[in-house]
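Hi everyone, thanks for coming. Today I'd like to walk you through one structure, so please have the picture open while I talk.

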Amino acid sequence: MKIRLVGGLMLTAISIVLFESCVSDKDSSGLEYMPDMYRSPAIEPYVDYGEIRGRENADLKMQQSALTPPHGAIPYYGTNVEDVKLMMPWSILPSADFKLTHGLTGFDFAKNGLNTYEVDALAWNWNPLMMDIEVVKTGETMDRKNLTLDNAKKLYASNCMHCHGEKGDGNGPMMKSGAFNGVPNYADKSALSDGQIFYSIYYGKGAMGSHASQLNKKEIWSLVHYVRQFQNPDYDKVAKESAILKKGEEKAIVKVTAMVASVVAPTEDNK
Ligand code: HEC
């Protein structure tokens with residue numbers, strides 16, 4: 001019995017050595033039994049199907065091949081009604097001209113051009129995001145923090161500043177390096193409505209691409225507030241001052257509307 005076991009083990013050892021020596025490459029482990037267990041097959045969601053094993057498919061080239069949600073899909077954004085409303089598909093569609101130019105995938109496009117229906121509709125499209133101001137009362141002093149703008153500052157630093165500059169003057173490092181040009185100074189853009197600013201960030205404009213896949217709608221509306229600060233230096237101050245604690249409260253997060261828009265708020269007449 002013992003001898004048989006030893007014999008069996010020796011046979012196995014010898015065959016391993018033999019099989020290993022079948023391959024001349026000294027870095028190879030030799031012939032492989034079930035190679036998928038050594039190397040799992042690569043799943044490449046972004047493989048460029050324009051080129052498969054030397055064969056080219058021109059119509060599939062440069063297309064994102066995965067992670068695009070089905071057409072009309074609405075993501076789940078929790079149960080906070082205000083947040084959910086903000087995340088609903090926006091009523092203003094991208095211009096048909098943007099189909100090929102601004103990296104928009106999975107969007108419906110407007111039937112008519114940018115200069116008619118959309119811009120008219122945008123003139124009264126007001127920022128629906130109220131700003132969150134944290135108010136803390138310590139004795140007689142009130143400390144106020146604009147949580148919405150603080151968060152927008154971070155988003156701005158990672159998504160916009162390289163082009164638009166820290167001061168919003170259109171002088172970011174991309175401009176300074178000479179790699180890019182044509183970025184406006186926000187201060188010259190105060191006539192834009194909130195909706196027009198949202199539209200340009202969401203769908204893109206000219207040399208600026210769409211940010212629809214990087215930022216959600218709530219984040220973009222908070223950036224609309226952030227852009228407004230460069231046009232009106234009192235934007236943050238007035239918003240903070242308008243946040244008042246209720247009687248008896250020592251600390252609260254107070255929601256305030258944009259109090260100091262640089263453009264005239266919509267009325268029944270100019271809607
Ligand atoms: C790659 C550089 C680049 C990046 C990144 C960029 N922009 Fe722009 N942005 C531009 C250019 C160029 C224009 C001018 C477009 C035009 O008028 O043709 C512009 C225009 C704008 C305008 C004016 C839009 C209008 O309707 O006239 C706003 C507002 C704006 N950008 C905000 C942002 C915000 C917010 C971000 C970050 C989420 C951002 N941009 C990221 C280059 C950029």
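**A covered helix and its surroundings**

Let's begin with helix 8, which is mostly covered: 10 of its 10 residues are buried. Buried here means that 20 or more other C-beta atoms lie within 10 Å of the residue's own; with 12 or fewer it is exposed, in between it is partly exposed, and C-beta atoms are placed from the backbone. Helices (H or I, at least four residues) and strands (E, at least two) are DSSP runs, numbered from the N terminus.

Before we go on, a word on the model. It is a predicted one, where local features need pLDDT of at least 70 and side-chain atom pairs count only at pLDDT 80 or more, while totals for chains, interfaces and linings use all residues. Residues are numbered from 1 along each chain as its sequence is written.

Back to helix 8. Among its buried residues are Asp194, Phe198, Ser200 and Tyr203. After the helix comes Gly204, with a positive phi near 95°.

The chain has 10 helices and five strands.

Now, which helix does helix 8 pack against at an angle of about 120°? The partner is helix 9, and the two axes are 9 Å apart. Axes are lines fitted to C-alpha atoms, for helices over the stretch in contact, and angles run from 0 to 180 degrees between N-to-C directions. That angle makes helix 8 oblique to helix 9. For the naming, angles under 35 degrees are roughly parallel, over 145 roughly antiparallel, 65 to 115 roughly perpendicular, and the rest oblique.

Who touches whom? On the helix 8 side we find Asp194, Ile197, Phe198, Ile201 and Tyr202, and they meet Ile220, Trp221, Leu223, Val224 and Val227 in helix 9. Contact means that the C-beta atoms of two residues, placed from the backbone, lie within 7 Å. By class, this contact of helix 8 with helix 9 has nine nonpolar, no polar and one charged residues. Ala, Val, Leu, Ile, Met, Phe, Trp, Tyr, Cys and Pro count as nonpolar, Asp, Glu, Lys and Arg as charged, and the others, Gly among them, as polar.

Helix 9 has another partner. The axes of helix 5 (residues 147-159) and helix 9 come within 9 Å and cross at roughly 95°, so these two helices are roughly perpendicular to each other. The residues in that contact include Leu149 and Tyr156 of helix 5, and Leu223 and Tyr226 of helix 9. They divide into six nonpolar, five polar and two charged.

Next, the ligand. Of the 22 residues around it, Cys160, Cys163, Ser200, Gly206 and Met208 come nearest; to be near, a residue's C-beta atom, placed from the backbone, must lie within 6 Å of the molecule. Helix 6 (161-164), helix 8 (194-203) and helix 9 (217-231) each give two or more residues to this shell. Helix 8 gives the largest share, four residues.

Let's finish with two residues. Is Ile133 buried or exposed? Ile133 is buried, with 23 other C-beta atoms within 10 Å. It lies in strand 3 (residues 131-138). Val256 is 123 residues away in sequence, yet the C-alpha atoms of Ile133 and Val256 are 7.3 Å apart. His162, in helix 6, counts as partly exposed, with 17 C-beta neighbours inside 10 Å.
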